[in-house]
Amino acid sequence: MSAEKRSEKNRLRRTMLFLSAQRPSLMKDAYVFGPDSVIFDLEDAVAESEKDAARFSLYHILRRVDYGNVERIVRINGLDTPHWREDVRVCVAGGADGIRIAKCETADDVRAVERAVCEAEAEFGVGQGRTLLMAAIESPRGVLNAVPICESSERLFGVAISGGDFRKCMQTKYYPSGVEMLVARGQILLAARAAGVQCFDTVFTDLDDMEGFRAEVVQNKEMGFDGKSVVNPRQIGIVHEIFTPTAREIREAERVVRAIRENADKGVGIFQLDGKMLDVAFLPGAERTLALAKASGMYEGDL
């Protein structure tokens with residue numbers, strides 16, 4: 001797949017698989033697990049003394065390994081560290097599709113990274129605007145600034161909430177109900193939808209609790225998230241199953257789209273379908289279901 005196609009702003013991103021950039025043996029084969037995106041982590045997953053070595057490994061992986069249609073994103077070190085500028089240069093020189101900004105708290109954080117990306121694209125002869133950005137919101141300040149963060153850059157394709165740091169800031173812990181994250185998740189989702197960018201939920205780290213993981217993914221889908229960060233290949237199938245429209249949902253969406261268009265041609269604005277009142281307000285949701293199904297390889301229609 002071409003770099004331009006792989007780094008589309010609105011592409012399918014149900015799963016983002018985290019991988020330590022300190023582990024080349026894991027990075028080089030990650031595409032075989034079938035995530036929509038991988039996140040090569042230069043931040044928390046890399047020891048302070050190994051940052052340079054991790055960047056070296058990352059550059060060669062980006063340049064030499066064909067990931068097909070799997071998007072390649074890099075989580076850079078925080079802007080309060082001496083590492084992030086060199087992280088950006090390596091990402092751009094290596095041809096990463098996107099950069100995840102860790103611990104993002106303001107729109108200025110995004111713009112600072114954007115300036116560094118522009119400079120690196122010019123330095124390495126990469127097309128201006130090719131390298132996308134996403135922001136990881138991990139603190140109360142970041143949550144409260146979610147709208148300006150989401151509106152900060154044309155390069156920004158989405159935002160993600162990071163549960164571990166946020167829970168620590170809020171002096172709470174993980175609860176199966178998700179009550180400790182509910183307000184933050186909702187606020188970030190509202191900001192993302194207002195700005196027209198994607199929104200992703202945090203990782204679930206208890207690999208022995210796949211039932212709890214499934215329940216959280218269902219909640220994510222019901223809230224309106226676009227996808228979820230994952231830490232283990234075993235989690236990918238569950239997320240894809242839940243975030244991919246079922247055959248029944250696809251059929252229903254097709255019928256809704258056809259019915260609304262046919263009635264619009266007749267000058268009918270509101271009508272009944274299977275006993276339910278429908279109007280044009282239902283069209284975007286049905287069209288999004290079909291678009292998601294098509295991107296997931298589940299639908300080949302032309303509606």
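The following exercises concern a predicted model.

**Exercise 1.** State which domains are assigned to the chain and what distance separates their centres.

*Solution.* The assignment gives domain 1, covering 15–243, and domain 2, covering 247–295. Taken over C-alpha atoms, the centres of domain 1 and domain 2 are separated by 34 Å.

**Exercise 2.** Determine whether the residues of strand 1 are buried or exposed on each of its two sides.

*Solution.* Strand 1 spans residues 15–20. Thr15, Leu17 and Leu19 point one way, while Met16, Phe18 and Ser20 point the other way. The criterion for a buried residue is a relative accessible area under 20%. Six of the six residues of strand 1 are buried, so the strand is mostly covered by this criterion.

**Exercise 3.** Identify the pairing partners of strand 1 and place the strand in its sheet.

*Solution.* Strand 1 pairs with strand 2 (residues 37–41) in the parallel sense over five bridges, and methionine 16 stands opposite serine 37 there. With strand 8 (residues 227–230), strand 1 pairs in the parallel sense over three bridges; here leucine 17 faces valine 230. The sheet is a closed barrel of eight strands in the order 1-2-3-4-5-6-7-8, with parallel pairing. Neighbouring strands of this sheet are turned by 25° against each other on average, direction ignored.

**Exercise 4.** Describe the pairing of strand 6 with strand 7 and the packing of helix 9.

*Solution.* Strand 6 (residues 156–161) and strand 7 (residues 198–201) form a parallel pair over three bridges, in which alanine 160 has phenylalanine 200 as its bridge partner. Helix 9 (residues 182–195) packs on the sheet and touches strand 5 (132–137), strand 6 and strand 7. The direction of helix 9 makes about 160° with that of strand 7.

Technical notes. Residues are numbered from 1 along each chain as its sequence is written. This is a predicted model: local features need pLDDT of at least 70, side-chain atom pairs count only at pLDDT 80 or more; totals for chains, interfaces and linings use all residues. Side-chain values use heavy atoms; hydrogens and water are left out. Domain bounds come from an automatic or database domain assignment. Buried means under 20% relative accessible area, exposed over 50%, partly exposed in between (1.4 Å probe, protein chains only). Helices (H or I, at least four residues) and strands (E, at least two) are DSSP runs, numbered from the N terminus. Two strands pair if DSSP finds at least two bridges between them. Axes are lines fitted to C-alpha atoms, for helices over the stretch in contact, and angles run from 0 to 180 degrees between N-to-C directions. Contact means heavy atoms within 4.5 Å.
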